[in-house]
Amino acid sequence: MTSYVSVILNQVILMLILVVAGFISFKTHIITGEGNKHLSNLLILLVNPVVIFVSYQRDFSPELLAGLGQAFLLSLLGFGIAMAVAYLCLRRSGKYDVAVERFSVIYSNCGFMGIPLVMAMLGTEGVFYLTAVMTAFNLIVWTHGLFLFTGTGQFSIKGLLRALCSPAILAVPVGLLCFLLQWRVPQVLYDALEYVSNMNTPLAMLIAGATVAQTNLLKAFARGRIYYVSFLKLLLVPALIVLALSLFPLPQIVLLTVAVAMASPTATMGTIFAIRYDRNAVYASELFAVTTILSAVSLPLVVFLAERLL
């Protein structure tokens with residue numbers, strides 16, 4: 001059996017090259033700040049939903065349906081472990097924006113980065129299970145995640161409903177219905193959708209590179225604290241989650257999908273929330289940039305551990 005470590009390592013190197021291409025494109029004004037926003041919309045509103053929908057165009061089996069439910073429950077467990085680490089290891093103080101740090105440790109880029117990683121390792125079946133992780137992410141980020149930034153006990157029902165009505169999330173019930181009823185799109189349409197879904201990795205990494213280019217990397221890497229937060233996010237939390245997952249006698253593909261999704265770098269939603277609620281958006285973007293870069297080293301290590309324990 002091909003080692004998942006070699007697959008993830010090759011994929012991370014490939015993605016890093018594309019991130020550098022995005023970085024250079026922004027610095028040379030091939031991609032502008034406004035253009036990067038448009039590319040992000042294209043990815044989130046069109047490409048990601050198509051990737052998710054295509055993953056459901058498969059023959060029905062009770063095992064696949066059970067795996068979907070298992071992935072959702074394991075995702076909730078993973079977020080619970082991440083929350084425990086964030087609250088225990090990151091104490092409130094006037095020196096650091098702990099809300100930004102806790103969010104960065106708890107929430108991973110499970111869709112943006114997770115889809116190309118899982119696709120490379122596990123194919124469309126892995127993406128099929130990843131949709132359950134993404135659903136859990138949206139449910140929690142618009143409740144607990146928002147609470148971190150607002151500091152109030154009032155969750156954003158409007159924000160949650162908006163997230164649940166996003167194309168990527170709506171693609172889940174639509175795709176699931178097609179999976180359950182075995183509705184298949186015509187072959188010519190399926191081929192067209194596959195062309196669109198193949199845009200996911202290059203587009204996502206170009207956007208990530210352009211986003212990193214808007215951050216002062218020298219300043220970010222000069223922060224000692226940022227390495228501590230990155231250690232929690234990229235190594236400690238994924239390792240604890242892998243250990244917890246190893247306790248469940250479930251299909252390896254389900255366990256690996258959840259592990260890779262949780263080991264992905266910090267979610268871009270942290271920067272969005274920080275801007276919206278007047279928190280330290282610069283620090284949030286620095287954490288995104290640094291964890292994205294450092295994940296090139298951490299992800300193969302986590303997959304190495306997961307491959308042996310799961």
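Reply: To start us off, 54% of the protein's 310 residues count as buried, meaning under 20% relative accessible area with a 1.4 Å probe and protein chains only, while exposed is over 50% and partly exposed is in between.

Me: Where does the model come from, and how are residues numbered?

Reply: This is a predicted model, where local features need pLDDT of at least 70, side-chain atom pairs count only at pLDDT 80 or more, and totals for chains, interfaces and linings use all residues. Residues are numbered from 1 along each chain as its sequence is written, and side-chain values use heavy atoms, leaving out hydrogens and water.

Me: Where is confidence lowest and where is it highest?

Reply: Helix 6 (residues 157-164) is lowest at a mean of 68, and helix 11 (residues 224-245) is highest at 97. The scale is pLDDT, the predictor's confidence in each residue, from 0 to 100. The mean for the protein is 89.

Me: How many helices and strands?

Reply: 14 helices and 0 strands. Those are DSSP runs numbered from the N terminus: H or I of at least four residues for helices, E of at least two for strands.

Me: Switching topic, how many salt bridges are there?

Reply: The structure holds 5, each being a side-chain nitrogen of Lys or Arg within 4 Å of a carboxyl oxygen of Asp or Glu. One of them pairs D59 with R184, with the closest N and O atoms 2.6 Å apart. D59 lies in the loop between helix 2 (33-55) and helix 3, and R184 in the loop between helix 7 and helix 8 (187-197), so the pair ties together parts 125 residues apart in sequence.

Me: Is D59 buried or exposed?

Reply: D59 counts as exposed because its relative accessibility is 55%. R184, at 43%, counts as partly exposed.

Me: What about E286, which residue does it pair with?

Reply: E286 forms a salt bridge with R223, closest N and O atoms 2.7 Å apart. E286 sits in helix 14 and R223 in the loop between helix 10 (217-221) and helix 11, 63 residues apart. E286 is buried, at 1% relative accessible area, whereas R223 is partly exposed at 28%.

Me: Which residues make the nonpolar surface patch?

Reply: F60, L65, L177, L180, L181 and W183, covering about 540 Å². Patch residues have over 30% relative accessible area and no salt bridge; like charges are joined within 9 Å, nonpolar side chains (Val, Leu, Ile, Met, Phe, Trp, Tyr) within 5 Å. Areas come from the Shrake-Rupley method with a 1.4 Å probe; for residues, only the protein chains shown count as cover.

Me: Which helix gives the most?

Reply: Helix 7 (residues 167-181), with 3 residues.
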